[in-house]
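Hi there,

Here is the structure I promised to send over. Have a look, and then read on for what turned up in it.

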Amino acid sequence: MARKFFVGGNWKCNGTAEEVKKIVTTLNEAEVPSEDVVEVVVSPPFVFLTLVKSLLRSDFHVAAQNCWVRKGGAFTGEISAEMLVNLGIPWVIIGHSERRALLNESNEFVGDKVAYAVSQGVKVIACIGETLEQREPGSTMAVVAAQAKAIAEKVTNWENVVLAYEPVWAIGTGKVATPAQAQEVHCELRKWLNDNLNSEVAASTRIIYGGSVNGANCNELAAQPDVDGFLVGGASLKPEFVHIIKATTVKKN
């Protein structure tokens, strides 16, 4: 089963209204492969979601960077999945390592959040990945399998879930997993999905890579058979994001 290439841009906590408009203008003017070939989703801060949605070309989509674990209510500072639906925001990033580390979001909490968002009709980019302290003793697969398991225990419909493997030691550090390292983990994750869910989920679920992806390394990473796209951080704020989107053409070769 062919998996459509997926490129997400996580803008994190960056930007002013004017800067955001400039980024959107760059994207709108870009010549990239059609949406039949690549799915492009950008994730601005909450305060800019509606602005970006109103200005962004129709073949690109918008994601929130987080949402609450259940229906809204007395949860000051949180945003519910229902609010995203109301605004017409189709995607959300859940479980990013920065939230796991800085806000102590556990595997179980992330699993609950993914399940609730999916239940409300919001598609999820679910992030998993190991720290350097976990990789060095060889615990990478045990860590990412436990993170995937917490999601799999709560989610039954995987059609609306993209898994983003982001080795924490490579996020914003300039260090990048080699194409071979990325392929190894993506391949093992697909085997895990096959063994613990079923072959259809394993074959169809997109597993994308994140961690210092840029214009210089994206083609070599995209060429790996189990790398189905990227979740891009810093480079998604720059014109080179367009070049990263074009990495999908490597898959045709």
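First, the ground rules. This is a predicted model, where local features need pLDDT of at least 70 and side-chain atom pairs count only at pLDDT 80 or more, while totals for chains, interfaces and linings use all residues. Residues are numbered from 1 along each chain as its sequence is written, and side-chain values use heavy atoms, with hydrogens and water left out.

Strand 1 (residues 5-10) is largely enclosed by the rest of the structure, because six of its six residues are buried (under 20% relative accessible area, 1.4 Å probe, protein chains only; strands are DSSP E runs of at least two residues and helices H or I runs of at least four, numbered from the N terminus). Phe5, Val7 and Gly9 point one way, and Phe6, Gly8 and Asn10 the other.

Strand 1 runs parallel to strand 2 (residues 38-43), joined by six bridges (pairing takes at least two DSSP bridges), with Val40 as the bridge partner of Val7. Four bridges join strand 1 to strand 8 (residues 229-232), also parallel, and there Gly9 stands opposite Val232.

Best wishes

Technical notes:
Buried means under 20% relative accessible area, exposed over 50%, partly exposed in between (1.4 Å probe, protein chains only).
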